[in-house]
Amino acid sequence: MNSKATPQHRNAGMSKEAIEVALGDHLIYTSSKYHTDATTHDWFQITALTVRDRLVERWMETMQRYYEQDARRTYYLSLEFLMGRTLSNAMLNLEIQEQCKTALYELGQEFEKVAEIEADAALGNGGLGRLAACFLDSMATLDLPCYGYGIRYEYGMFRQSIENGIQMEHPDNWLRYGNPWEFPRPELLYPVKFFGRVVEYKHEDGLVRHHWVETDDVMAMGYDTPVPGYGGKTVNNMRLWAAKSSRDFDLRYFNQGNYIQAVADKNESENLSKVLYPNDTTEVGRELRLKQQYFFVSASLQDMLFRYKKNHQSWAELPAKLAVQLNDTHPSIAIAEMMRLMVDVHHQTWDEAWSMTTRIFSYTNHTLMPEALETWPVAMFESMLPRHLQIIYEINHRFLQQVMHHFPGDGELLQRLSIIDERGGRRVRMSHLAIVGSHAVNGVAALHTELMKRTIFADFERVTPGKIINITNGVTPRRWLNQANPALAKLITERIGKSWLTDLDQLRKLRDFADEKTFQQQFSAVKQGNKECLAGLIYTRLGIEVDPASLFDIQIKRIHEYKRQLLNLLHVITLYNRIRCGTHPDIVPRTVIIAGKAAPGYAMAKLIIRLINDVADIVNNDQQVGGKLKLVFIPNYDVSNAERIIPAADLSEQISTAGTEASGTGNMKLALNGALTIGTLDGANVEIREEVGAENFFLFGLNAEEVEAMHRQGYDPLTYYNGNDELKRTLYMISSGFFCPDETTRYSEIVDMLLKHGDGYLLLADYASYVACQEKVDELYRDPKEWTKRAILNVAGMGRFSSDRTIREYAERVWHVAPIEPTNNTPIP
C-alpha cells in the first residue's frame, strides 16, 4: 500500500468541539439542509457519517499495517452476520459517546431519538449470526488481522408481527434509507458460475485438465464495512457480497417491446442476495439456498487469492499466509471451490492443492442434531455445480482409500464416513466434506464437543483422533454489558476500574462486594431501573401493564421444539391453575416474558407462538389472578430488543433438552447482566454452572446420558402424564380449548405430539423437576438480599465467557495468527 495514501487526520478530531463542527459540516455538505429543515433521520445520517469519518482513518491505517507486515490473515466465512445497530457500538468502541451526545444536545438534538432511527442489520437468524458479530468485535479488539465475509442481503431476517396471536412475516427492508456504514466497491467484481458442463482436455504439461463451460454467470460485488475494536486502534473489515447481473439489459427484447424480459436476467441474478434464508420447504427455495452458499464462498476465495497474489509470486506460501474458518456447514462448499481454483484455474497438481487446502481450512460445528447437518441431493449438485461434484467424488475416493488401508474390511465404517450418503437417495454430506478438508474441527462447548466425538462424528474421532477440539463460545462485553446495560457497566467500573472491558476475568473482583450492603443496594437499583424501562416498553408497544417489582422470568431465543418454550408455557399454566385454586397463596408475583421468531415453514413452532399468545390473553385478563402472573410475548426479537430485555432479566430460562443445544450464547448474556439461570446440563450451561457456582444456578432435568438412556430403553410419555395430576390438568386445558373457545381443537396437534407421537424432546419427563425447581426460584426471590448476592456472583463468574477468550483460543490453537499492533510511530488520530 502506498504510504502517500495515509490519512492526514485533519478532520476527525475526537473532542466535543471537533465533533460539533463535523456534524455541522455534514448537515450542510452531505444533507444539503439547514438546521431548521433537518429531520431526525437526517441527524442520524450525519451523526453516523461523523462517526464513520473517525473510523475510516483507523481502518485505513489498520489495512496498511497488515500489508506492510505481510501478516498471516484469518478469513471468517459466515452466511450470517447479525450485527444489529452500529452507531452506539462504534461510539463506545472509539470512546466518543459522551462527546457525540453533548455535541448533539448543543445542536438541539436528543441522542436517544437519533440513535433509534437506525435499522437493525438483521443479516442473521439468531445465535450463529450474532456469534459471528461478537467474533468480529473481538478480532479487532485483540488487534488480529481478520476479515469477515458474508452476503449483503437486501432483505434481512423477516420482521415479525403478531396478529390474532399468529406470527406474521414481513420483509425487513433494512436498506430502505441506505446504509451509512458501508462502502460500495463497484470495481471489486468477481464472476461466479453456475450450471453448464465440464470439458476434459490434455494440457501442454501432459496432465488432464478440466474446463467449466457454458455456465450461467453472476457477478459478486463487494461492500465493505469497518468493524472497530475497543479503543479504536484496530479497525478490521467485513466484506459482504451483493449479486449483480453480468448482463444488465438485453436490448433485443427492449427493441421488441418486451420490457419485462429485457431485464429478466438482471432480476433473476440479483435475487441471489435478495433475502436471508429463503424458505427451504420448496425445491426452488432449496436451490436458491445452495446458490447463495456457493456464491459468497466463490467470491470470497477469489478475493483472498487475488489479495495474496498482489504480494507473492509463488503459491507455496499460501498456507502460511491464509487461514479460513468455516462458520458451520453453510460455507463448506469452499473446500471444493478452493480445489477447483487451485487445480483448474491456477494449475496446481491435485496433491499440491489438497495439501494447501487442508492446511488452510478449519470448521466449526454448531449442531448435534443429524437432521440439521446440511446435505444436498447429488442430482442438484450435478446440475448446478457439476465440476464441484467431480471434485467431491475425487476427495471422497482418496479419503476412503486411506480409511480402508487403516481399517481394512470395515465396509460399514466406509459408508458412515463417506461424503456421499448412498441411503435413501444419494446426497452430499456437507459436514463430512468440511471435516475431511479441514485441519481442525471444533465444537462450541465442552459437552457439545464430547457429544460430537461420541455420537454424530464418532467415526471421524476414531480415524483422525485429535482433530476434533473444543473452543467454548463467548460474547463481547462491549455490546452486551457496556452498551446494553450502561448503568451496570458504570457501577462495575466505579468499583474495579474499566479494564474488564478488555479483560473480562477482572469481574472476579466483584466477589469481594457480593455481601456488601451498599453494593447490593446499588446493584438492585440498577436492575430495578432496567425492569422499569422494560415495563414501560411493554406497555407502550403492547398495552400490557406489568409490575416491575415482580420476578422477570425471561426466555428469548429462536422458537424451536428442542428449546422447549412449550415447557415454559406448561409451567405458566400450572402457576395459573395454582393461583385460581388458591392452593399456593404465597406464589411470588411473576412476569414471564418470551420472545423469538419461528422459521416461516416451521408449522409446530408457529403453533406454539399462537398458544403462548392465547394463554397470555386469558391469564392477563383474569381478575382472579390479581396481578400475580403475567405472560408477555414481545414481537420481532432482534439485537436491539435483546439489548432492552436482557438487562431487565431476573431469571434466565435455558431449558433445552440435555444434549441438543450446542452452546447457547443468550445464557451468557443474561448471566453477565445479573440474571440467575434455571437450566438443564446442556450446552454451555454446564460450564456456566461450574464458573458461577452450583449453588447460584437452578438445575433441573435429565442430563445428556440419561436422555440417551431413556431413548434407548423406550420412553413412554404416558407414564409421566398418568402419574402427575397437575400435568394432566395443564394438558387437558390446552387440548379442550380452554385458551381458544372459538376453536376448541386448535392445539390438539401439540397435545398429540406430547402424548401420542413420542414427546421427542422429553418435556413430560422433565416437567415435575422443572416445576419443583421453579418453586426453589420463588423461595430464593423472597429473600432479596440473598437473591442479589447470587446475581452479583453470576456476573463475577462470567469472565470465561468473553468472546475475547474464545478468539484468543482460535488464534493460538487453530489459525496461528498473531496480533499486529500499531507501532509507536503509527499515526493514530
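**Cavities, a pocket and a surface patch**

The largest cavity is lined by Y67, D70, A71, R73, Y75, M304, R307, Y308, N311, H312, K321 and L322. Two or more of its lining residues come from each of β1 (73-77) and α10 (283-309). The model is predicted, and a search of the whole structure finds three cavities of 30 Å³ or more.

**Largest cavity**
- The space in the largest cavity is about 90 Å³.
- Helix α10 gives the largest share of the lining, three residues.
- The lining of the largest cavity comprises six nonpolar, two polar and four charged residues.

**Second largest cavity**
- The second largest cavity holds about 70 Å³ of space.
- Around the second largest cavity lie Q555, K557, K563, Q654, I655, S656, E661, S663, G664, N667, D682 and N685 as lining residues.
- By class, this lining has one nonpolar, seven polar and four charged residues.

**Second largest pocket**
- The volume of the second largest pocket is about 1200 Å³.
- Its lining counts 39 residues, and those nearest the pocket centre are Q97, K101, Q483, A484 and P486.
- Elements that each supply at least two residues of this lining include α4 (97-106), α20 (477-483), α21 (486-496) and α22 (517-542).
- The pocket lining splits into 17 nonpolar, ten polar and twelve charged residues.

**Nonpolar surface patch**
- I28, Y29 and Y34 make a nonpolar surface patch of about 420 Å².
- Y29 belongs to helix α1 (residues 16-29).
- With a relative accessible area of 70%, Y29 is exposed, since the cut-off for exposed is over 50%.

How values were computed: Residues are numbered from 1 along each chain as its sequence is written. This is a predicted model: local features need pLDDT of at least 70, side-chain atom pairs count only at pLDDT 80 or more; totals for chains, interfaces and linings use all residues. Side-chain values use heavy atoms; hydrogens and water are left out. Patches are made of residues with over 30% relative accessible area and no salt bridge: like charges are joined within 9 Å, nonpolar side chains (Val, Leu, Ile, Met, Phe, Trp, Tyr) within 5 Å. Accessible areas come from the Shrake-Rupley method with a 1.4 Å probe; for residues, only the protein chains shown count as cover. A salt bridge is a side-chain nitrogen of Lys or Arg within 4 Å of a carboxyl oxygen of Asp or Glu. Helices (H or I, at least four residues) and strands (E, at least two) are DSSP runs, numbered from the N terminus. Buried means under 20% relative accessible area, exposed over 50%, partly exposed in between (1.4 Å probe, protein chains only). On a 1 Å grid over the protein atoms alone, a cavity is a set of points where a 1.4 Å probe fits but cannot get out, and a pocket is an open set with protein on both sides within 12 Å along at least five of seven lines; lining residues have an atom within 4 Å of a point. Grid points are joined across faces, edges and corners, and a volume is the space filled by probe spheres set on the points. Ala, Val, Leu, Ile, Met, Phe, Trp, Tyr, Cys and Pro count as nonpolar, Asp, Glu, Lys and Arg as charged, and the others, Gly among them, as polar.
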